[in-house]
Structure formats: structure tokens, C-alpha cells
Amino acid sequence: MTTAEAAYRDNLSSRYLNLAAGRAVADLVDGLRGDRSPVRVLELGAGIGGTTDDVTAALSGLPVEYHFTDVSTFFLEAAKARFADYPWMRYGLVDMNADLAKQPRYDIVIAANVLHNAFDIGVTLRQLHDLLNPGGAVVIIETCHAHCEQLTSVHFLMSPGQDQPHAGLTDVRAGTDRIFLTEREWREQLVAAGLHPELVLPEGDHPVALLDQRVFIGVRGRGE
């Protein structure tokens with residue numbers, strides 16, 4: 001947990017990204033609450049709850065139902081204790097590579113540092129599009145460039161399980177041996193999936209932009 005918190009909560013870039021994601025989710029909820037209440041939020045691969053901390057703080061007083069999910073019961077048990085003061089939180093196991101088609105509809109999906117684990121980014125984004133109610137949005141945090149310190153571990157982390165494909169063999173990463181998409185590729189993949197990239201942070205002139213991590217907000221059209 002200590003190592004994960006250092007990577008996903010306690011460093012400068014993560015603090016900026018998680019606060020930005022929290023504000024974005026709160027703004028989305030505020031915009032949707034007029035025609036749906038509660039606003040239904042799904043967090044995929046929530047892990048240690050690094051992003052969840054800032055999102056739940058920003059949602060104080062807003063009408064939400066929040067589904068905290070991961071592939072591990074280890075993180076779910078820790079989250080139940082950590083977020084015990086939020087009665088609108090519930091918890092469950094969801095594997096985005098196997099379970100998205102079986103999920104009920106949501107208004108907002110949060111995916112912080114998890115979508116690069118998708119077997120096929122394009123397929124997963126299209127499934128997320130179909131999972132969203134019209135006017136809903138995905139809030140994504142992703143690294144857009146593999147730095148040397150990440151390459152010492154991320155390829156081990158991404159090793160496929162038995163009888164599973166390696167992530168990226170059939171999507172935009174095919175033939176590159178890359179794990180992460182560039183910012184431009186994320187924008188293009190969101191558009192191709194029918195999710196308009198309404199906001200990308202930080203902007204290029206922001207000091208944190210040099211760390212090559214981004215928050216993407218992709219919106220499904222209300223008229224679909």
C-alpha cells in the first residue's frame with residue numbers, strides 16, 4: 001500500500017491529476033443532476049483509492065451513487081474502511097476486460113491509471129461509450145509517455161495471465177511494444193469511440209504537463 005500510495009496519491013503529478021479529476025466529476029454531476037438523481041458513478045480499477053479520495057471530497061452534498069470497483073478484494077476491503085463515512089458508496093469486483101458488457105448503465109465512469117491495461121483500447125472505449133447514459137462522460141487519468149523508471153517495472157506488471165492476450169496486440173499499440181498511448185492517440189481513440197474529448201488537463205504550458213500525465217474527459221452526446 002505504501003508503494004502504491006507514493007505512485008498514485010502522494011507525488012506532485014498525482015496530487016494535481018486527482019484534484020483535477022475530482023473537480024471534473026463534481027462539475028459533471030452538477031450538470032447532470034437536473035434530469036437524473038442520483039447520478040450514477042462507476043470507478044474502474046480504483047485500487048488504493050488515490051483518485052477516489054479527491055473525487056469523494058468534491059462530491060460532498062451532491063446526489064450520487066458511487067460504485068468503487070477493482071479486480072482485487074484486497075483493495076475493496078481497504079476501501080470499505082477508508083470510505084466508511086460515505087453511505088452512497090458501494091463496492092464490487094469488475095474486470096474491465098471481461099465484465100463491461102454485463103454492467104448496468106452509468107452516468108460517469110472514472111478510470112485512473114487503468115485503461116492502459118485494456119487488451120484493446122478501442123474495444124474498451126466503445127464498451128464504455130455504450131455503458132454510459134446519453135450525456136454521460138468518462139474521466140480518464142493516463143500516462144502518455146513511458147519514462148525510464150516506469151519501464152523497469154511496468155512490463156512485468158503488464159505480463160498477461162494464463163490464456164490471456166498481451167495488452168495492445170490488436171489496438172493502436174500493435175507492433176510497437178508500447179503500453180501507453182500518446183495524448184494525440186487518446187484524443188483520436190476517444191473520438192473514434194463516440195466520446196468527445198471535452199477537456200484535457202494539464203494544458204501544454206502548465207509545469208505539470210512536463211511529467212506526461214493527463215486527465216481526459218470524454219462525453220457521450222445527449223442526443224444519442
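Predicted model: local features only at pLDDT ≥ 70, side-chain atom pairs only at ≥ 80, totals over all residues.

Trainee: At what angle do the axes of α5 and α8 cross?

Mentor: Two packed helices are described by the angle between their axes and the distance between the axes. Helix α5 covers residues 121-131, and its axis and that of α8 come within 9 Å of each other. The crossing makes α5 oblique to α8, and the angle is roughly 50 degrees.

Trainee: Which residues of α8 make the contact with α5?

Mentor: On the α5 side the contact is made by Ile-121, Gly-122 and Leu-125. By class, the contact of α5 with α8 has four nonpolar, two polar and no charged residues. The residues that α8 brings to this contact are Trp-186, Gln-189 and Leu-190.

Trainee: Turning to α2 and α3, how are these helices oriented to each other?

Mentor: Helix α2 takes in residues 12-32 and helix α3 residues 50-58, and their axes come within 8 Å. The crossing in which α2 passes α3 is right-handed. With axes that cross at roughly 40 degrees, the two helices α2 and α3 are therefore oblique to each other.

Trainee: How many charged residues does the contact of α2 with α3 have?

Mentor: From α2 come Asn-18, Leu-19, Ala-21, Gly-22, Arg-23, Val-25 and Ala-26, and they meet Gly-50, Thr-51, Asp-54, Val-55 and Ala-58 in α3. Sorted by class, the contact of α2 with α3 has six nonpolar and four polar residues, and the number of charged residues is two.

Trainee: Is Ser-14 buried or exposed?

Mentor: Ser-14 is found in helix α2. Its C-alpha atom is separated by 9.4 Å from that of Ile-141, a residue 127 residues apart from Ser-14 along the chain. Buried means under 20% relative accessible area, and with a value of 4% Ser-14 is buried.

Trainee: Which residue does a cis peptide bond join to Pro-202?

Mentor: Most residues other than glycine have a negative phi, and most peptide bonds are trans. A cis peptide bond joins Ser-37 and Pro-38, with omega at about 5 degrees, and Pro-38 has its place in the loop between α2 and β1. Pro-202 is found in the loop between β6 (196-201) and β7. There omega is about -5 degrees, and the residue joined to Pro-202 by a cis peptide bond is Leu-201.

Trainee: Is Asp-177 buried or exposed?

Mentor: The place of Asp-177 is in the loop between α7 (154-157) and α8 (183-192). Although Asp-177 is not a glycine, it has a positive phi of about 65 degrees. Exposed means over 50% relative accessible area, and Asp-177, at 62% relative accessibility, counts as exposed.

Trainee: How does Asp-212 count at 21% relative accessibility?

Mentor: Asp-212 is found in the loop between β6 and β7, and its phi is near 65 degrees, a positive value in a residue other than glycine. At 21% relative accessibility, Asp-212 counts as partly exposed.

Trainee: How far apart in space are His-196 and Gly-218, C-alpha to C-alpha?

Mentor: His-196 lies in strand β6. Leaving aside neighbours within four places in sequence, His-196 is in contact with Ile-217, Gly-218 and Val-219. His-196 and Gly-218 are 22 residues apart in sequence, and their C-alpha atoms are apart in space by 4.9 Å.

Note on methods. Residues numbered from 1 in each chain as written. Heavy atoms only, no water. Axes fitted to C-alpha atoms, helices over the stretch in contact; angles between N-to-C directions. Helix = DSSP H or I, 4+ residues; strand = E, 2+ residues; numbered from the N terminus. Parallel < 35°, antiparallel > 145°, perpendicular 65-115°, else oblique. Left-handed = near helix turned anticlockwise from the far one by under 90°. Contact = heavy atoms within 4.5 Å. Nonpolar A, V, L, I, M, F, W, Y, C, P; charged D, E, K, R; others polar. Buried < 20%, exposed > 50% of the residue type's maximum accessible area, 1.4 Å probe, protein only.
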